[in-house]
Amino acid sequence: MTIATRPLSLVVNGRQVGPLDVPENLMMVDFLHEYLNLTGSRLACGQGVCWACTVMLLDTDGAPPREIRTCITGAHFFQGRHVRTVEGHAERDADGAVVALSPVQQAFIEHFSFQCGYCTPGFVTGATVLIEQLKRQPVARADVETTIEAALSPHVCRCTGYVRYYEAVRSVILDTPGLVVG
Amino acid sequence: MIIRKVWHRVLLAAAVIVVLGGGFALAVLAGAFERSVVSAAVDTPLTPEEIAELAPRGRYIATAADCVACHTAVGGAPWAGGRPFEMPMGTLYATNISPDPTYGIGAWTRADFHRALRDGVAKGGRHLYPAMPYVSYRQMSEADVDAVWAYMLTREPMAVPDRQDSLPFPYVRQFMTFWNLLNLPGDVPAPAAQKSAEWNRGRYLVDALGHCGECHTPRDITMGMVSSRYLQGAVIEGVDAPDITPEGLARLGFAPERLAHFMRSGMGPEGVMGFAMYDVVHHSTQYLTDEDAAAMAAYLAGEPAPAVPVVAAAPIAPDTAENGRRLYVAVCAGCHGIEGEGTPTMTPAMTTNAELRLPRPTNLLAVLADGIPWRDFPHGNRLQDMPGFTDLLSDAEIADLSNYLRATWGGRAPDVAAADVATLRRARD
């Protein structure tokens, strides 16, 4: 029995990918791992409850990016779309070497916001999506913590606890001009 | 002269009609046509011993009648009322039925309680609005009403005042006498001798206690239940309360034993109990005994129950099917399975899902738009949330997806148009 495939083209971390012949029923997380060797998006629950596998779905029309769970979203959903995985947050040089971490990544290191690190890519992606939203729609200073909690509450961590994640994200929000009003 | 005489007669006749009609209306208003089904036997108060003995059974009867769903507000004091009912003419609030003498029913008599449940008339002759399902509770036995009365008397009194309803005219209450004349049956049906004891018990559970018809029987222009369309389905809070006649249930895939299981667990091959029925399972039907769940199912499924038909896929245009299938794999199959098989204890199967077999796509479209929050289910089960898809899929895509689902697994004609999705989207915004 052959597996039915269909050509898939998309942009991943700014790079045009495909067309590749991809099984029709493949989930996106498996595509990232097996076809692109991008293993940073983590498969954990496989049923969309832990958010360790999320990527950013970037709209070309300037709308804020959205966070998408790749373990429950088919690879072909991303046909013609732009996504950014955890590997795409840092600044890289022409050879692909990391030149500078993103502010969220840097804050996670400074706050030691991980222990085993398995869920961290999802948290970094979720926090980055939140920062992008705040750039378009700043939040009142008094609401910063509840905003972080609401944005990151779907993400599950089983060892560090959430305080360090939230502290890292709060520092980015407070240190970045224009994300907070009042 | 002749013309004048005729005129006199016409005027006289009109006057007689007005007087008679007015007299009749006044008589109705005064309650002259009201028929109580409460016997004089309940004029004697229950003794403390009787109350103590009846209260445990009263707890079960009150659960089967789902009293708590309305008389305890979310986060509110137990039995202190407060749940709002948004009506076209204003908001009603369920009342405090704890035994507090000032704010609850602590000063009521046994007979007051019987008349409220079965006649729709509260202490002091105040008419209840039929949001309180006294049309259904009218069929309760006096023994069961006594048991509930004993149960309520043994609850903690809650000094919580009732919330005032926002109806524009408080004196509308007395006009319920007209409504009752039209919509409150004079008497309660006798047991059907040709049917089994189980079937009769089931009818009692469905009609008297469970008050299923209050949502599943359509209402006429006076908001009374249309008896000729008993349990044939109605629109409640913007979605379809399905047809739960024997034929309707068979079309959804329910054999009696499956229905009994579904009423108690809220989930199964037929999907997940949703919308207002989630609360019904949560507060009421999960606690039914084996025998009562089986009786309820036996009555609803019919005696004898019609065969559950095998659902064959309905014809669908190839391009709609292709696009619908792609969308299904893209955003549904990760949880509901590539072939719609579902994931045990996590997500319901599509292949046998009752929601896809409903005549109208309303409920499916509502779920696709709003998703479902994560929730606890009986027996320690908990289902994760399902996301809504209006911000990820276009109206045309949701239409294609709905048509694919309904045609493939529901055997329903793929007749959802993008415009239907748009209409629904506007209605829910």
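This is a predicted model: local features need pLDDT of at least 70, side-chain atom pairs count only at pLDDT 80 or more; totals for chains, interfaces and linings use all residues.
For chain A, the mean pLDDT is 93, with 99% of residues at 70 or more. Residues are numbered from 1 along each chain as its sequence is written, and chains are lettered from A in the order in which they are written. Local features need pLDDT of at least 70, side-chain atom pairs count only at pLDDT 80 or more, and totals for chains, interfaces and linings use all residues.

The contact (C-beta atoms, placed from the backbone, within 7 Å) takes twelve residues from chain A and eleven from chain B. On the side of chain B that touches chain A, helix 14 (318–331) and helix 15 (333–336) of chain B each give two or more residues, and helix 14 of chain B gives the most, with four.

In helix 2 (residues 103–110) of chain A, the buried residues (20 or more other C-beta atoms within 10 Å of their own, C-beta atoms being placed from the backbone) are V104(A), Q105(A), A107(A) and F108(A). These residues pack against helix 3 (120–136) and helix 5 (163–175) of chain A. Just after helix 2 of chain A, F112(A) takes a positive phi of about 45 degrees.

Helix 17 (residues 395–410) of chain B is largely enclosed by the rest of the structure, because 13 of its 16 residues are buried.

How values were computed: pLDDT is the predictor's confidence in each residue, from 0 to 100. Two residues are in contact if their C-beta atoms, placed from the backbone, lie within 7 Å. A residue is buried if 20 or more other C-beta atoms lie within 10 Å of its own, exposed if 12 or fewer, and partly exposed in between; C-beta atoms are placed from the backbone.
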